[in-house]
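This briefing goes through one protein chain by topic. Please keep the sequence and the 3D view at hand while reading.

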Amino acid sequence: MIRDLAQGSPGEVWADVCIVGSGPAGLALAQVLAEEGREVVVLESGGLAPEEGPQALNHGAKTGFVDDLTGSRTRALGGASQVWAGHCGTLDPDDFVEEPWAGSLGWPIDASVLAPHYPDAYRFLGMDPAFAGGPGASGDAIPTAPAGLHPRYIVRHPVRLGEQRSAWVSETEGVTLWLHATAVDVTPRGRGVERMTASSLGGEQLSVRAAVFVLAAGGVENPRLLLSWADQG
């Protein structure tokens, strides 16, 4: 089911799991949970397609890469897949290790934890599940290392999840997607969250109670949300 907070709110809803963000991570998780029979609420800050108002919420100062915060991320169904070039590749074991020179503590997991889940990720994106990141992969395999070094391979598969998954979201029992619903506040419960409040740009509000809350808003927006709620414990 797809509902639009800008057109009115029921006040409060309940779910087993509330997911913030309808990008690749959020939609993939929603699909898995729906297949397990869970009640899922997905909060999307934008609409079915990119819009100027929600997109303006991405603004912020940055250093480093040239891309600005509005052009590289999209608040709409499908999230970053709206602007994604579609480069897909597995992580190497070296990606998980501690790098003291970079001030990195490393990951709390290693590559073997992710490995069993790659085939499901490929299927979700419409890729060949046999792809293993090597030269024998199907699709447009591109070596990404300079000559003389061990190459890594990626597959270019630009899928627009907003277009691909909108019908699935509309028709899947137990999944409710709220458009124009920006997460703005949380009510703590011990070390967890009891309730999350979402708001439209027009001021309509929705309160979501859930057993579990998941932030799937991306590498920039997740920290932004956590920092904005830090003073709430």
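The model is predicted. It holds two aromatic pairs and eight salt bridges. Among the strands, E2 pairs in the parallel sense with E10 and also runs parallel to E3.

**Strands and their partners**

- Strand E2 (residues 12-20) is joined to E3 by four bridges, and the two run parallel. Within this pairing, Ile 19 has Val 42 of E3 as its bridge partner.
- Between E2 and E3 the chain passes through helix H1 (residues 24-35), giving a β-α-β crossover that is right-handed.
- In strand E3 (residues 40-43), Val 40 and Val 42 point one way, Val 41 and Leu 43 point the other way, and all are buried.
- E3 also runs parallel to strand E7 (residues 175-179), with four bridges joining them. Here Val 40 stands opposite Val 175 in E7.
- Eight bridges connect E2 with strand E10 (residues 205-215) in the parallel sense. The bridge partner of Val 17 in E10 is Val 212.
- E10 pairs in the antiparallel sense with strand E9 (residues 192-199), over five bridges. Ala 198 has Leu 206 in E10 as its bridge partner.
- E9 and E10 form a hairpin with five residues between them. In the turn, Gly 203 has a positive phi of about 100°.

**Aromatic pairs and a nonpolar patch**

- Which geometry does the pair of Phe 96 and Trp 107 have? The pair is edge-to-face, at 4.8 Å centre to centre and with 65° between the planes.
- Phe 96 and Trp 107 both lie in the loop between E4 and H3, so their pair ties together parts that are eleven residues apart in sequence.
- Phe 96 is buried, because its relative accessible area of 5% is under the 20% limit. Trp 107 has a relative accessible area of 45% and is partly exposed.
- Trp 107 also contributes to a nonpolar surface patch of about 320 Å², together with Leu 91, Ile 109 and Val 113. The loop that holds Trp 107 runs between strand E4 (87-88) and helix H3 (111-114).
- Two aromatic pairs are present in the structure. Tyr 118 and Tyr 122 form a stacked one, with 6.1 Å centre to centre and 10° between the planes.
- Tyr 118 and Tyr 122 are four residues apart in helix H4 (residues 118-124), so about one helical turn separates them. Tyr 122 is buried at 7% relative accessibility.

**Salt bridges**

- Arg 73 and Glu 221 meet through their side chains in a salt bridge of 2.8 Å, N to O.
- In the salt bridge of Arg 123 with Asp 120, the closest N and O atoms are 2.7 Å apart. The two residues are three apart in helix H4, so they are separated by about one helical turn.
- Arg 123 is partly exposed at 47% relative accessibility, and Asp 120 is partly exposed at 46%.
- Glu 194 and Arg 209 form a salt bridge of 2.8 Å, N to O. Glu 194 is in strand E9 and Arg 209 in strand E10, so the pair ties together parts that are 15 residues apart in sequence.
- Glu 194 has a relative accessible area of 24% and is partly exposed. Arg 209 counts as partly exposed at 26%.
- Glu 194 and Arg 209 belong to a network of salt bridges that also links Glu 12 and Arg 195.

- His 180 has a phi near 55°, a positive value in a residue other than glycine. His 180 lies in the loop between E7 and strand E8 (182-189) and is buried at 15% relative accessibility.
- Leu 69 sits in the loop between helix H2 (52-56) and E4. Its relative accessible area is 10%, so Leu 69 counts as buried.
- Leu 69 and His 59 are ten residues apart in sequence and 5.9 Å apart in space, C-alpha to C-alpha.

Terms used:
Residues are numbered from 1 along each chain as its sequence is written. This is a predicted model: local features need pLDDT of at least 70, side-chain atom pairs count only at pLDDT 80 or more; totals for chains, interfaces and linings use all residues. Side-chain values use heavy atoms; hydrogens and water are left out. Patches are made of residues with over 30% relative accessible area and no salt bridge: like charges are joined within 9 Å, nonpolar side chains (Val, Leu, Ile, Met, Phe, Trp, Tyr) within 5 Å. Accessible areas come from the Shrake-Rupley method with a 1.4 Å probe; for residues, only the protein chains shown count as cover. A salt bridge is a side-chain nitrogen of Lys or Arg within 4 Å of a carboxyl oxygen of Asp or Glu. Buried means under 20% relative accessible area, exposed over 50%, partly exposed in between (1.4 Å probe, protein chains only). Rings of Phe, Tyr and Trp (its six-membered ring) pair if their centres lie within 6.5 Å; planes under 30 degrees apart count as stacked, over 60 as edge-to-face and the rest as tilted. Two strands pair if DSSP finds at least two bridges between them. A crossover is right-handed if, with the strands pointing away from the viewer, the path from the first strand over the helix to the second runs clockwise.
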